[in-house]
Structures are given as C-alpha cells and as structure tokens.
Amino acid sequence: MAEAAAQDAAEQLLYLKLAYLAGEPPACVLALARKAGGGSITPHVQNFLLEICTGTNVDRRQNFTYTTTIFKRIISEVELSSETVIDGLYEEFAQRMLSKAKDSLLNKTNHIYKEISFLSSTHVDDNVSSRLISVVGRLSCSSSMLEGDTGCSLWPSSLFLSEFILSYPEIFSTKCCFELGSGVGLVGICLNYVGASKVILTDGDTSTLTNMKENMELNNLCIEQEDSEVLKECKNKVECKYLSWEDVSENDLWGYQPDIVLGADVMYNPVCVPHLVRVLSMLLRQDRRQGENKGKFGDEFQTEGPVTYIATVVRNAETFNCFAKAAANAKLSAINISSSAAPSNLLPYMLSYDRSSVQLLKITSLS
C-alpha cells in the first residue's frame, strides 16, 4: 500500500509538471497542484512548482506572463487559506513584477512555447503501475486566437487525432500519410514516431506553414527539400507543403498518392466544405494498391485503397450536416468510429482537453 501511495504521489507531481510545460490554463495547473498536495497547495508542492518553473533544466521559451500568473494565483490561494507561502515563491514573484515592464518590451511575440507529452502505461507489478513519457511534441503556438491566428493554435481534435495515431501505430506504420490543415504540426510528429514511411504536412496559410516548419526543426525532424544532400541520410523526414483547397488540381496531388489522409478540425467553415470534399475525393479516388489493409485489423480499419481519418468537434450542426451532404454527393462514405476505435487516454494531465467533444470519422470512396 505504501508503495502504491508513493507511486500515486509521484504520478500527480508528474502530471503537474507536464501540465505546466503544456501551457495548460492556470486554473488547471492549480487544480493539479491541489491534488498533488492532498487537497491544498502545500510547501512541498510550492517548492516543486518553483523548481519546474525556474530550474536550470526549464526551457526559457516558456511564456513569462503565463508563469507569473500561476505564481500570483498560488500565492493568493495559499494566503487566503492561511497556509504558508514559501519564501522562494514570494521572492521569485517579486522579481518578476519588478522586471515586468522590461519583459513587456523584450517579448512582443504572440507565440508561446508548449511541450505536449504523451504518456504510456508501464505496469510494475499487479498493484502498481507508472506512467512513462513516450512522445514529446515541442511546439510554438499562437497565444491569441482573437487575431485570426487559428492555424498556429493547438486544438482538441489535433490532440485526439494524435492519441489515435499513437494508440494504433500499426495502422500508420510504413504508410504514406498526408495531412490537410496541419497547423502546428503535432500530428506529423506523432506519425513520424510510429514509423510512417512518408509524412506530408500541408496548410493553406503561409504564416502557419512557416511556423509549422519551425516546429519540425524544434523536434529534430528534417524538412524535405529538393536537391539537399544533407537530408538524404536523414530518417526523420517530413514534407511541409503549401496547399490551397480552392486552387489545387488533381495533377497537383497525383504525385503524392497517400495511403492515409488525415485532418483535424478541418470542417470549421461551411464555405470551405465543398473545397475540402473536392480535395478528399481527388486523394481517395486515385489508383492505389487494393486491399493492402484488408483483414489486418478490426472492421473499422478494413479498407480497400486510401482512407481518411478526420477528427472534429461539431461546433455547428449546420456545418457538419453540410459536410455530410457534400460527402454523400461526392460518393464518399463517412462513418463515425469514435466509440469503436476510441484512442487511449495518453494526456491525463490536460484537464482542459475534453476528449468527449471530439468525433472521429473514417472516410472512404464508394466509387
């Protein structure tokens, strides 16, 4: 029992650390801090938070204002509960307030740095299990969606699709994978991890594409370019391509011939739906190897030819119905496999991530 309790305490501290590195909302970080302290933010938990926020191993790209806000809220909560605030926390917060004006001049970027750590479960014995980090996605993300920088934001559907890939690596291993609306590139990082033979990430926004390429470099992935001798020996290659759904032709896509097409939150605007369906139709109706996946996995994974997996949050029923109608008219089959192929919960520390809000669609061509 003592060993299990110690393991649980260590796991809660791990969740707290990963939530901070992932840029979880301060309220979520504080909720985990309370849980790690058995109901209150104890001096031990305060020391732990201070170390992960200011320690020598912490990446300094972490947002200054974000960290300062967490410190402020911890101090306020602990003081209100008449508990002890450690001196180090007071001192660090005071220094940050003194340098706040200077920091606002030096850090005008609208992007923040996040580390998304996917966990796996390793059983130690019959009674105790520990969570180990299997994949870490290092990402530069937009700090404000109000400025229209949605392509550089991290969305729940992207997290869900990434969990799906990591939960069923055998589907994507050795396959050519093509993602539409890749955004920050998290799905591409996971595809590379599970051994996809080729990873092609696309987006129709040039600033998003630039940020995506920078994120690939952050994760030590080589961006494939023409006539590059250096990249020939690189095993971790990805392609980052500009792709306008409105303008792309079948000839433009023919050379890729993906086995699997992916998308996360790509049906957000009814105006874009006809263009999305047109692109999916072109990618799914190409002359592919027939029956390659037939019989390897459960019924939800059996397919002939290319297949698409789209993760989406249905924010607007009208938009979703518009997609369903357009897909049917284009002779595309769209099946909800959210329950039958539910991914493992690999992000238990992300309290802001509502997995239940995401639907996973499997789309194939009927023609």
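Student: How do the axes of helix α7 and α9 lie relative to each other?

Tutor: Two packed helices are described by the angle between their axes and the distance between the axes. In this predicted model, the axes of α7 (residues 156-167) and α9 come within 9 Å and cross at roughly 5°. Axes are lines fitted to C-alpha atoms, for helices over the stretch in contact, with angles from 0 to 180 degrees between N-to-C directions. Angles under 35 degrees count as roughly parallel, over 145 as roughly antiparallel, 65 to 115 as roughly perpendicular and the rest as oblique. So α7 and α9 are roughly parallel. Helices are DSSP runs (H or I, at least four residues), numbered from the N terminus.

Student: Which residues of α9 make the contact?

Tutor: Leu 186, Val 187, Cys 190, Leu 191 and Tyr 193 of α9 (contact means heavy atoms within 4.5 Å) meet α7 residues including Leu 159 and Ile 165. The contact residues divide into nine nonpolar, two polar and no charged. Ala, Val, Leu, Ile, Met, Phe, Trp, Tyr, Cys and Pro count as nonpolar, Asp, Glu, Lys and Arg as charged, the others, Gly among them, as polar.

Student: Is α9 (residues 186-193) largely enclosed or open?

Tutor: Buried means under 20% relative accessible area, exposed over 50%, partly exposed in between (1.4 Å probe, protein chains only). Seven of the eight α9 residues are buried, so the helix is largely enclosed by the rest of the structure.

Student: How many disulfides are there?

Tutor: A disulfide is a covalent bond between the sulfur atoms of two cysteines. The cut-off is sulfurs within 2.5 Å. The structure holds zero. The sulfur of Cys 141 is 8.1 Å from the closest cysteine sulfur, in Cys 152, too far for a bond. Cys 141 is also buried, at 0%.

Student: What limits apply?

Tutor: Local features need pLDDT of at least 70, side-chain atom pairs count only at pLDDT 80 or more, and totals for chains, interfaces and linings use all residues. Residues are numbered from 1 along each chain as its sequence is written, and side-chain values use heavy atoms, leaving out hydrogens and water.

Terms used:
Helices (H or I, at least four residues) and strands (E, at least two) are DSSP runs, numbered from the N terminus.
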